[in-house]
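Here are my notes on the side-chain contacts and the pocket. Please read them with the structure open.

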Amino acid sequence: RRYSYEAFLKRFGKLCEMTHSANREGAVCLVDALASSLSLERDAIVVGRTKVFLRARAEALIEGARDKALRKSALKELETAIEMENVDALEAAVAIATELRLDGSVLDRARSRVAVLRFRKHTSSFKEVMKAILPDMGRDVLQDIHRNASVCLD
């Protein structure tokens, strides 16, 4: 398979801690780093005048490393979003993890957290509506609803 320098660096550049310019020198630097870290044979990746050429075995190894790095990053993002308790960040992290076909306890915990945070968000909206509708008895009713909902969620 062949990649332009820019496409190669964009796709696989995150596998190394270095930053690379989107030219031949950057591609050569990344190829050397990948060949070293993945123990690739020297002729498995060839940097041409305008493109980087990968043999099938090299591409499989590099794609495997990329997939592993993406999964690790997605799990870290999920854990961070769970700690932040931000429903939008959690939903985005869950979507990415789902797209990567991740599964496991962290994703399950994130999905549960999304449900709880959505419920809390809607509960507070409901409280405001109830306060407007039932000004006299709204406070007692709302406290009972909130107490019961909290018990169910925790």
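1. **Aromatic pairs.** The structure, a predicted model, holds three aromatic pairs. One of them joins Tyr-3 and Phe-8. The ring centres of Tyr-3 and Phe-8 are 6.2 Å apart, and the planes make an angle of 55°. That pair is tilted. Tyr-3 also pairs with Phe-12, with 5.5 Å between the centres and 85° between the planes. The Tyr-3 and Phe-12 pair is therefore edge-to-face, since the planes are over 60 degrees apart.

2. **The ring cluster.** Which residues do the ring pairs link into a cluster? They are Tyr-3, Phe-8 and Phe-12.

3. **Salt bridges, overall.** How many salt bridges does a search of the whole structure find? The search finds seven.

4. **Arg-1 and Glu-59.** These two form a salt bridge, with 3.6 Å between the closest N and O atoms. Arg-1 sits in the segment before strand 1 (2–4), and Glu-59 sits in helix 3 (residues 56–84). The pair therefore ties together parts that are 58 residues apart in sequence.

5. **Arg-113 and Glu-85.** A salt bridge joins these side chains, at 2.7 Å from N to O. Arg-113 belongs to helix 5 (residues 105–133). Glu-85 belongs to the loop between helix 3 and helix 4 (87–99). The contact therefore ties together parts 28 residues apart in sequence. Arg-113 counts as buried, at 19% relative accessibility. The cut-off is under 20%, so the value of 19% still puts Arg-113 in the buried class. Glu-85, at 37%, is partly exposed.

6. **Arg-118 and Glu-91.** Here the N to O distance of the salt bridge is 2.5 Å. The pair links distant parts of the chain. Arg-118 is in helix 5 and Glu-91 is in helix 4, 27 residues apart. Are the two partners buried or partly exposed? Arg-118 is partly exposed, with a relative accessible area of 42%. Glu-91 is partly exposed as well, at 30%.

7. **A salt-bridge network.** Arg-11, Glu-63 and Arg-66 are linked in a network of salt bridges. Arg-66 comes up again at the pocket, among the lining residues that lie nearest its centre.

8. **The largest pocket.** About 360 Å³ of space lies in it. The lining has 17 residues. Nearest the centre are Lys-14, Leu-15, Arg-66, Ala-69 and Leu-70. Helix 1 (5–12), helix 2 (24–37) and helix 3 are the elements that give two or more residues to this lining.

9. **What makes up the lining.** Which element gives the largest share of the pocket lining? Helix 3 does, with six residues. By class, the lining has eight nonpolar, six charged and three polar residues.

Definitions and conventions:
Residues numbered from 1 in each chain as written. Predicted model: local features only at pLDDT ≥ 70, side-chain atom pairs only at ≥ 80, totals over all residues. Heavy atoms only, no water. Phe/Tyr/Trp six-rings, centres within 6.5 Å; stacked < 30°, edge-to-face > 60°. Salt bridge = Lys/Arg side-chain N within 4 Å of Asp/Glu carboxyl O. Helix = DSSP H or I, 4+ residues; strand = E, 2+ residues; numbered from the N terminus. Buried < 20%, exposed > 50% of the residue type's maximum accessible area, 1.4 Å probe, protein only. 1 Å grid on protein atoms, 1.4 Å probe; cavity = no way out; pocket = protein on both sides within 12 Å on 5 of 7 lines; lining within 4 Å. Points joined across faces, edges and corners; volume = space filled by probe spheres on them. Nonpolar A, V, L, I, M, F, W, Y, C, P; charged D, E, K, R; others polar.
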